[in-house]
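Here is a short briefing for a first look at this structure. Please keep the sequence and the model side by side as you read.

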Amino acid sequence: MSDKTVAVAFGGGGARGISHIWVMEALDELGVRPVALSGTSIGSLAAACYASGYSGADLRLYMQELFGNTGEVLSRFWKHRPRSFSGLFAVQNPMANWAQFDPVWLVESFLPHDIKKQFSELEIPSSFSATDYFTGHEVIFDEGGLTHALAASIAIPALFRPLEVNGQLLIDGGCVNPMPVDHIRAKADIVIGVDVVGLPQKPEDGKIGSFEMGFGATQILMQTIQREKMRHDKVDILVRPRVDDYRPLDFLKTSDILKASQATKEEVKQRLAKLMEC
């Protein structure tokens with residue numbers, strides 16, 4: 001198609017980030033192999049899978065099979081011994097019981113077991129964002145082991161325990177860099193940024209608990225940070241999948257999220273093809 005290079009920044013946003021899969025499928029169908037990837041939170045998980053050799057279609061099938069089986073998901077929580085198994089059924093969204101779970105456990109239990117273990121093994125160079133809790137500075141992982149880098153990147157406060165790495169107490173990268181375009185801006189001719197942060201949605205019953213209020217406030221903060229950063233870190237293609245109706249913990253609605261955001265694939269294909277031809 002062209003000799004222009006492409007890099008992708010996968011943003012954070014919880015279950016909404018399942019829609020990252022459509023961007024991968026668009027690249028696959030165009031025969032475009034990115035030269036660099038970056039990610040924050042679920043975006044780091046998406047980048048790790050893609051850079052490990054998973055196609056978008058393969059990852060879509062994996063996610064649908066895993067989260068389409070509620071019993072299997074709950075079984076994995078049971079094996080990790082949550083405070084009470086009955087508690088998983090006591091809330092509308094069982095995924096909310098990730099509170100204070102070990103992020104390393106989540107990475108090891110829910111990602112495909114054959115993804116690479118070291119950055120040096122990845123087929124596409126990648127970098128992931130985390131946040132130093134005590135300094136507020138971004139911590140960028142791009143070498144060494146993948147597991148702890150991914151775990152730190154997804155360690156959303158109140159959901160997961162923070163992770164101590166090299167003497168630093170780390171939390172979710174979205175606190176400082178929700179869509180790490182700056183990691184890859186100088187590495188490719190065309191940069192794609194995928195924004196899945198979204199904003200809080202009003203529940204159908206109108207009731208908002210303290211946990212959801214706190215999580216929604218974090219979304220607002222991430223959007224504010226992202227808008228400011230975008231003034232300086234321009235992207236060639238900014239993608240916003242249609243996932244606003246879904247909450248960050250709606251992983252059990254994986255199939256619905258994929259269906260709602262399916263148009264993302266054709267949108268990316270058309271916009272990228274046009275830029276590649278210029």
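Predicted model: local features only at pLDDT ≥ 70, side-chain atom pairs only at ≥ 80, totals over all residues.

Over residues 84-99, however, the pLDDT is below 50. Beyond near neighbours in sequence, that stretch has 30 contacts in the model.

**Helix 3**

- Gly 56, Leu 59, Tyr 62, Met 63, Leu 66 and Phe 67 are the buried residues of helix 3.
- Down the axis of helix 3, these buried residues fall within an arc of 125 degrees, so they line one face of the helix.

**Helix 9**

- Helix 9 covers residues 263-277, which is 15 residues.
- From first C-alpha to last, helix 9 reaches 22 Å, close to the 21 Å expected at 1.5 Å a residue.
- Its buried residues are Thr 264, Lys 265, Val 268, Lys 269, Leu 272, Ala 273 and Met 276.
- Seen down the axis of helix 9, the buried residues fall within an arc of 150 degrees, and therefore line one face of the helix.
- Gln 270, Lys 274 and Glu 277 are exposed on the other side of helix 9.
- The cover over the buried residues of helix 9 includes strand 1 (6-10), helix 1 (20-30), strand 7 (190-194) and strand 8 (237-239).

**Aromatic pairs**

- A pair of aromatic rings is described by the distance of the centres and the angle of the planes.
- There are five aromatic pairs in the structure.
- One of them joins Phe 67 and Phe 110, which are stacked at 6.0 Å centre to centre with 10 degrees between the planes.
- That pair links distant parts of the chain, with Phe 67 in helix 3 and Phe 110 in helix 5 (residues 103-110), 43 residues apart.
- Phe 67 and Phe 110 are both buried.
- Phe 119 and Phe 128 form a tilted pair, 5.3 Å centre to centre with 40 degrees between the planes.
- Phe 119 counts as buried because its relative accessibility is 8%, and Phe 128 counts as buried at 0%.
- Ring pairs also link Phe 67, Trp 105, Phe 110 and Phe 251 into a cluster.

**Ser 44**

- Ser 44 sits in helix 2 (residues 42-51).
- Ser 44 is buried, with a relative accessible area of 0%.
- Its side chain makes a polar contact with the side chain of Ser 153, at 3.3 Å.
- Leaving aside neighbours within four places in sequence, Ser 44 is in contact with Gly 39, Phe 128, Leu 150, Ser 153 and Ile 154.

**Positive phi**

- Most residues other than glycine have a negative phi.
- Ser 41 is not a glycine, yet it has a positive phi of about 55 degrees.
- Ser 41 lies in the loop between strand 2 (36-40) and helix 2.
- Asn 166 also has a positive phi, near 50 degrees, in a residue other than glycine.
- Asn 166 is in the loop between strand 5 (163-165) and strand 6 (168-172).
- Are these residues buried or exposed? Ser 41 counts as buried at 7% relative accessibility, whereas Asn 166 counts as exposed at 74%.

Definitions and conventions
Residues numbered from 1 in each chain as written. Heavy atoms only, no water. Buried < 20%, exposed > 50% of the residue type's maximum accessible area, 1.4 Å probe, protein only. Helix = DSSP H or I, 4+ residues; strand = E, 2+ residues; numbered from the N terminus. Arc of directions from axis to C-beta. Phe/Tyr/Trp six-rings, centres within 6.5 Å; stacked < 30°, edge-to-face > 60°. Polar contact = N/O pair within 3.5 Å; in protein donor to acceptor, adjacent residues only side chain to side chain. Contact = heavy atoms within 4.5 Å. pLDDT = per-residue confidence, 0-100. Expected span 1.5 Å × (residues − 1).
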